[in-house]
Amino acid sequence: MRVTTSLYLCVLSVTSASVVANEPVWDANKVELVSETLADGVYAYYASNAKKLEAKGFPVATSGGLVVGTEGVLIIDTMLNKRLNAQVQSMVGEVGGKSPAIYAVNTSYHGDHSYGNMYLPEQSVIIQHQNSKDYVDANFKADTEFMMYNFGQGRGIEEIVPTTGDVLIESGSQIALDLGDKTVHIIDFGFAQTGGDLFVWEPESKVMWTGNAIVAVKPALPWLLDGHMLATLETFKKVYAFLPEDARVVPGHGSVMSKADIQWHIDYLEAVQEQVQLAVNEGLSLEETVKRVSMPEFSGYALFGWVHSGLNVPAAYKDLTQAN
Ligand SMILES: [Zn+2]
């Protein structure tokens with residue numbers, strides 16, 4: 001985490017003219033969420049500027065969604081702070097109808113997907129991966145410090161108290177959540193960024209929420225913050241194979257995309273694997289490998305330097321040297 005922090009700010013300051021070191025990549029005091037109706041009772045929400053920013057390769061605030069059934073409402077990701085969580089709850093008020101129960105799922109432990117848990121109505125049922133709860137139980141203080149460093153002071157992170165899941169999903173398993181006239185599947189497809197990653201699937205409307213694993217459309221790239229390039233690639237392929245061709249995908253930080261848009265992320269990780277493997281075969285050091293595997297064809301993302309050279313190539317190098 002600490003290495004990541006310094007890389008984050010040092011690279012941010014040089015990769016994008018619109019991003020200044022020590023300023024957050026997006027400001028949780030300013031983001032306005034908008035909702036998009038994907039089917040009756042199925043909604044995505046994302047930042048009002050998501051489409052504009054993602055098209056230019058700039059980072060976007062956290063996305064999520066709602067599934068509204070006759071017996072309950074499922075909130076997918078509870079956002080970073082009170083202000084953004086209140087926007088989500090006002091959407092629940094608008095479209096939730098008379099659904100008696102409120103459920104919320106965190107696609108990972110990351111604060112921008114889970115800190116809002118504490119602001120949910122008391123009777124809400126929070127669903128989390130077991131590994132996410134374990135992470136929060138062990139690392140909450142360091143996690144909030146990391147988040148304040150990257151998202152800024154005075155963004156409501158100071159007041160967060162840890163609020164973990166009531167229903168915990170074990171590694172490799174899934175649950176079917178009965179909302180009355182709708183059943184939502186919450187699935188662990190494998191390591192996708194944190195090891196506590198949950199995908200949410202509503203089969204009738206064929207909508208999937210991926211959390212951070214799929215961050216946004218091209219040219220955005222995966223952030224292998226916790227390493228494990230090979231496992232992440234395998235998970236992406238599993239998710240791709242699971243989805244029907246006409247599925248719609250709500251990514252972790254952007255507007256609604258298609259199944260085909262996931263292919264970009266798979267192509268990128270396959271190219272990283274192939275090129276890092278060649279470097280490893282030649283006996284190159286990590287530094288030499290980072291320099292060699294520059295992959296300009298994937299460099300449209302504003303965070304490319306930090307994500308590709310700072311996180312993803314080192315993650316692949318570690319995986320592939322351990323495998324040898
Ligand atoms: Zn996120």
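This is a predicted model: local features need pLDDT of at least 70, side-chain atom pairs count only at pLDDT 80 or more; totals for chains, interfaces and linings use all residues.

Colleague: How many residues apart are D137 and K133 in helix 5?

Modeller: Side chains of opposite charge can pair when their charged atoms come close. Here D137 and K133 are four residues apart in helix 5 (residues 130-151), so about one helical turn separates them. D137 is partly exposed, at 49% relative accessible area.

Colleague: Which parts does the salt bridge between D246 and K206 tie together?

Modeller: The side chains of D246 and K206 meet at 3.0 Å, N to O. D246 lies in the loop between helix 6 and strand 12 (248-251), and K206 in the loop between strand 10 and strand 11, so the pair ties together parts 40 residues apart in sequence. D246 is partly exposed at 47% relative accessibility, and K206 is partly exposed at 29%.

Colleague: How should I read the sheet, and in what order do its strands run?

Modeller: Strands of a sheet pair through backbone hydrogen bonds, either parallel or antiparallel. In this model, six strands form an open sheet with mixed pairing, in the order 8-9-10-11-12-13. Strand 8 (174-178) and strand 13 (257-258) stand at the edges with a single partner strand each, so one side of each has no neighbour in the sheet.

Colleague: What packs on the sheet?

Modeller: Helix 6 (residues 229-242) does, touching strand 9 (183-187), strand 10 and strand 11. The direction of helix 6 makes about 5° with that of strand 10.

Technical notes:
Residues are numbered from 1 along each chain as its sequence is written. Side-chain values use heavy atoms; hydrogens and water are left out. Two strands pair if DSSP finds at least two bridges between them. Helices (H or I, at least four residues) and strands (E, at least two) are DSSP runs, numbered from the N terminus. Contact means heavy atoms within 4.5 Å. Axes are lines fitted to C-alpha atoms, for helices over the stretch in contact, and angles run from 0 to 180 degrees between N-to-C directions. Buried means under 20% relative accessible area, exposed over 50%, partly exposed in between (1.4 Å probe, protein chains only). A salt bridge is a side-chain nitrogen of Lys or Arg within 4 Å of a carboxyl oxygen of Asp or Glu.
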